[in-house]
Amino acid sequence: MNTLGEDRGRMLRTILAMGSEGASRALSRWLGMDVRLTLGEVELVDLATAAGALGPPESLVAACAMGLTGGLGGAMLLCFEDRDGLALADLLLRRPVGTATEWGEVERSAAMETANIVACAYLNALAAHLPTGEGAGLAPTPPTFLHEFAGCLIEFAVMGQAAELDRVLLAGTTFEVVGSGDLGWTLLFVPDAPALASLSAALGGPA
Amino acid sequence: MPNDPAAPEVTVAIGRWAVVAAPARVRTLLGSCVGVALHDRAARVGGLAHVVLPDSRGDLDQPGKYADTAIPALIADIERVIRGKASGRLVAKLAGGASMFATGAENPARNIGRLNQDAVEAILAALRIPILARDLGGEGGRNMTLDPATGKVWIRSPGGQGREI
């Protein structure tokens, strides 16, 4: 599948937006504030374009990386620049934003717990709108914390698609606190090639 | 690190390759992909291929993506630049092939770094191109830079100091 037809693209966007809504509710409860996740473009891009999905490929980003288990394979990444990720840790630890200046054990743990909550809620919402086969048991693996070149993270995450496809699909979601603005976090959902084919078939397109 | 910060640098995107002559340098970012640096010391010409997968299985649309098509394409471009045969003149240095995090159980990314390494080494052996240095495997990304003036390759890891191989 090297193109995303208009109908199939719209349906995929609709179902991923439901994932974002589910994650919005869970994250709002977790942080104790009204947080909204907004799904960005859902499109197939070539590998070189994908490498810039988190900003300049050589920039360093913090990320909580998770695989998918259950009916779909692939990866999810919750990514942030250091400042934005450390601000998350401060929020969760009820400290003034700016208190954390480096990724210690507590800060990493806060980021990974948040990633787990967001990914579980996203996948639960997705599973609820997929046929039983694809949705059954869909869950993230425990998160791995990484401090990595943005381009390398993307490269690894898309490998499950790149092995079989010339173009890859990335679904990026951004976060904002309602009334306060962008949090600077990005959630990437990257199904592997078989999962993309399953999603496509489930949405009525050719596998 | 390279001692001429003003030297032009060519960046190689994933699944592509590039050839430069000194004083220019060539670099790429690597995760599970393998970077293949080939160097002609006499001509002070070098090239870098960013190999994504081991085997093209006959797919010729993206030659830079696969080890079995990228390495011949890289050599052909070097021969164009030096205007002659590269046979017996080239040496190689390799980097990359990391396994950065667990993905889905069936995801080939789990082992693709190792498969890329094996494919690249087998192809270079068949072409009788000696491998002078390797910086392979592990769990982190790499920024790889080749200086064709010297054949030196620098590797930088996230947040770490650069090292020469």
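Modeller: The buried residues of H3(A) pack against E2, E3 and helix H4 (105–128) of chain A. Contact here requires C-beta atoms, placed from the backbone, within 7 Å. Helices (H or I, at least four residues) and strands (E, at least two) are DSSP runs, numbered from the N terminus.

Colleague: Which residues of helix H3 of chain A are buried?

Modeller: In H3(A), which covers residues 82–92, A:Gly85, A:Leu86, A:Ala87, A:Leu88 and A:Ala89 are buried. A residue is buried if 20 or more other C-beta atoms lie within 10 Å of its own, exposed if 12 or fewer, and partly exposed in between, with C-beta atoms placed from the backbone. Just after H3(A), A:Arg94 has a positive phi of about 55°.

Colleague: Where do these coordinates and numbers come from?

Modeller: This is a predicted model, in which local features need pLDDT of at least 70 and side-chain atom pairs count only at pLDDT 80 or more, while totals for chains, interfaces and linings use all residues. Residues are numbered from 1 along each chain as its sequence is written, and chains are lettered from A and ligands numbered from 1 in the order in which they are written.

Colleague: What is the average pLDDT of chain A?

Modeller: Chain A averages 85, and 93% of the residues score at least 70; pLDDT is the predictor's confidence in each residue, from 0 to 100.

Colleague: How many residues does each chain give to the contact?

Modeller: Chain A gives 30 residues and chain B gives 29 residues. On the side of chain A that touches chain B, helix H2 (47–50), strand E2 (60–69), strand E3 (74–80), strand E5 (144–149), helix H6 (150–157) and helix H7 (159–162) each supply at least two residues. By class, that side of chain A has 16 nonpolar, nine polar and five charged residues. Ala, Val, Leu, Ile, Met, Phe, Trp, Tyr, Cys and Pro count as nonpolar, Asp, Glu, Lys and Arg as charged, and the others, Gly among them, as polar.

Colleague: Turning to chain B, how many helices and strands are there?

Modeller: Chain B has two helices and ten strands. Of its 165 residues, 51% are buried.

Colleague: And strand E4 of chain B: how many of its residues are buried?

Modeller: Seven of the seven residues in E4(B), residues 34–40, are buried. B:Val34, B:Val36, B:Leu38 and B:Asp40 point one way, and B:Gly35, B:Ala37 and B:His39 the other way.

Colleague: Which strands does E4(B) join?

Modeller: Seven bridges join E4(B) to strand E5 (residues 45–51) of chain B in the antiparallel sense, with B:Leu38 opposite B:Gly47. Strands pair if DSSP finds at least two bridges between them. E4(B) and E5(B) form a hairpin with four residues between them, and B:Arg44 in the turn has a positive phi of about 55°. E4(B) also pairs antiparallel with strand E6 (residues 90–96) of chain B over seven bridges, where B:Gly35 stands opposite B:Ala95.

Colleague: What is the strand order in the open sheet of chain B?

Modeller: The order in that five-stranded sheet is E1-E3-E8-E9-E10, with mixed pairing. Its edge strands are E1 (9–11) and E10 (162–164) of chain B, each pairing on one side only. Three bridges join E9(B), residues 152–156, to E10(B) in the antiparallel sense, and B:Arg156 has B:Gly162 as its bridge partner.

Key
Contact = placed C-beta atoms within 7 Å.
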